[in-house]
Amino acid sequence: MKKILALLLGLLGLASNASAQSDSIKTVDATQFEEIIRSDSVVLVDVRTAEEYANGHIDNALNIDVLKPDFECKAVTLSKSKNIAVYCRSGKRSLKAAAMLAKSGYHVINLRGGWIEWQEYKK
């Protein structure tokens with residue numbers, strides 16, 4: 001009986017942690033993202049590689065590659081008093097970065113379609 005209770009409490013803890021993380025991440029389209037990043041209360045982070053960043057990025061974006069082992073060390077230097085707006089090429093890596101940031105206590109805005117959507121939107 002104790003094992004079952006421990007298992008249920010563990011699952012409940014995981015579910016509440018996942019819920020807290022999802023509350024800390026908001027995924028938006030390019031129109032909403034543009035409005036959000038205009039605010040002084042947002043730090044814009046491009047989580048692509050340095051090469052991808054060099055080939056084009058949103059103005060004023062910091063480049064912190066989510067695939068590098070030092071991503072979390074660099075990312076935790078960002079102010080928790082500001083929202084963190086993240087994007088990558090298509091939205092997959094930025095969602096990974098958003099989950100890592102949310103786990104560390106940040107409120108994150110993710111650009112749904114990434115750089116691809118942003119370029120389409122800006123045409």
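Which residue of β4 does L44 stand opposite? Select both strands and you will find that L44 stands opposite A85 in β4. Before going further, note that this is a predicted model, in which local features need pLDDT of at least 70 and side-chain atom pairs count only at pLDDT 80 or more, while totals for chains, interfaces and linings use all residues. Residues are numbered from 1 along each chain as its sequence is written, and side-chain values use heavy atoms, with hydrogens and water left out.

Stay with β2, residues 42–46, where strands are DSSP runs of E with at least two residues and helices are runs of H or I with at least four, numbered from the N terminus. Five of its five residues are buried (under 20% relative accessible area with a 1.4 Å probe, protein chains only), so β2 is largely enclosed by the rest of the structure. V42, L44 and D46 point one way from the strand, and V43 and V45 the other way.

Next, select the neighbours of β2: five bridges join β2 to β4, and two join β2 to β3, where D46 stands opposite N63. Both pairings run parallel, a pair requiring at least two DSSP bridges.

Now show β4 (residues 83–87) with β5 (residues 108–111), which run parallel and are joined by three bridges; V86 has N110 as its bridge partner in β5.

Finally, display the whole open sheet of five strands, whose order is β1-β5-β4-β2-β3. β1 (25–28) and β3 (62–63) stand at the edges with a single partner strand each, so one side of each is left without a neighbour in the sheet.

Key:
Buried < 20%, exposed > 50% of the residue type's maximum accessible area, 1.4 Å probe, protein only.
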